[in-house]
Amino acid sequence: MPSAVVTAVDAVDARLREELLACWTDVTNAGGAVGFVPPVTPDDVAPVLDAVVGRVALGRERLVVLRVDGELGGFAVLSLSMSPLRRHWATVLRVQVHPRLQGRGLGRVLVSGVHEVARASGLEMLHLTVRGGSGLERFYARFGYREFGRMPGAIRLAPGDDREEIHLVARLGEPAS
Ligand SMILES: CC(C)(COP(=O)(O)OP(=O)(O)OC[C@H]1O[C@@H](n2cnc3c(N)ncnc32)[C@H](O)[C@@H]1OP(=O)(O)O)[C@@H](O)C(=O)NCCC(=O)NCCS
């Protein structure tokens with residue numbers, strides 16, 4: 001059984017940046033819904049990753065990484081609001097497990113870890129969106145996420161191929177025992 005550890009990372013060094021870049025590229029090219037349309041190269045993903053790294057350094061986002069036997073197995077991003085009225089919740093972005101590791105329960109480990117990091121940061125609620133038609137809302141339902149709305153046509157995968165975006169919210173209760 002591999003050892004899976006989820007931690008929040010405050011600073012991204014060059015090695016971690018390369019690992020994140022390879023993971024995000026591979027997940028996208030395997031069909032993952034993480035902000036791009038495949039195919040992509042690392043050069044396509046790098047500017048978006050570097051913007052995340054910049055926001056992490058500013059404390060506007062928190063990076064949560066999954067390590068499996070020491071190697072990067074996936075990650076997610078918690079996007080914090082700058083508004084004093086919205087400091088009790090965050091948006092979860094880019095949830096991903098590397099394709100070679102998917103389907104082994106590690107997505108559950110990652111999302112549970114994201115919730116622990118969020119609770120430890122004093123957050124009470126998490127928001128996230130999934131692409132309509134992906135079926136991912138079923139994955140998130142087990143963590144307490146419920147749908148509160150859909151934005152028609154929010155995601156343009158290609159000209160003439162617009163998808164709705166499903167908005168989900170979960171209250172962070174006590175950790176599941
Ligand atoms: C979504 C993702 C993080 C799940 O990680 P994973 O390691 O494959 O998931 P797990 O093995 O922990 O699966 C947990 C459960 O969720 C279900 N599940 C996994 N992916 C699912 C999907 N796309 N749709 C519906 N259910 C899904 C599994 O069947 C499993 O159910 P079970 O416990 O009844 O067997 C991973 O598949 C991934 O990285 N996908 C590509 C990126 C992506 O689209 N991210 C979503 C951004 S919103």
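Is the crossing of α1 and α2 left-handed or right-handed? A few notes on this predicted model, starting there.

1. The crossing of α1 and α2 is right-handed. The axes of α1 (residues 14–29) and α2 (residues 42–57) come within 9 Å and cross at roughly 125°, which makes α1 oblique to α2. On the α1 side, Arg17, Leu20, Leu21, Trp24 and Thr25 make the contact, and α2 brings Pro42, Val45, Ala46, Leu49 and Val53. Sorted by class, that gives eight nonpolar residues, one polar and one charged.

2. Have a look at the loop between α1 and α2, where Pro39 is found. The peptide bond from Pro38 to Pro39 is cis, with omega near 0°. For context, most peptide bonds are trans.

3. On to the core. The largest nonpolar core has 35 residues, and those touching the most other members are Val64, Phe75, Ala76, Leu78, Val92, Leu110 and Val114. Helix α3 (residues 106–120) supplies the largest share of this core, with five residues. Leaving out residues up to four places away in sequence, Leu110 touches Val6, Leu66, Gly74, Ala76, Val95 and Val97.

4. Two backbone spots to check. Most residues other than glycine have a negative phi. Asp69, not a glycine, has a positive phi of about 50°; this residue sits in the loop between β2 (61–68) and β3 (71–80). Arg94 also has a positive phi, near 60°, but its place is in strand β4 (residues 89–97).

5. Arg94 is buried, with 25 other C-beta atoms within 10 Å.

Note on methods
Residues numbered from 1 in each chain as written. Predicted model: local features only at pLDDT ≥ 70, side-chain atom pairs only at ≥ 80, totals over all residues. Core = buried A, V, L, I, M, F, W, Y, C linked by C-beta atoms within 7 Å. Buried ≥ 20, exposed ≤ 12 C-beta atoms within 10 Å, placed from the backbone. Helix = DSSP H or I, 4+ residues; strand = E, 2+ residues; numbered from the N terminus. Contact = placed C-beta atoms within 7 Å. Axes fitted to C-alpha atoms, helices over the stretch in contact; angles between N-to-C directions. Parallel < 35°, antiparallel > 145°, perpendicular 65-115°, else oblique. Left-handed = near helix turned anticlockwise from the far one by under 90°. Nonpolar A, V, L, I, M, F, W, Y, C, P; charged D, E, K, R; others polar.
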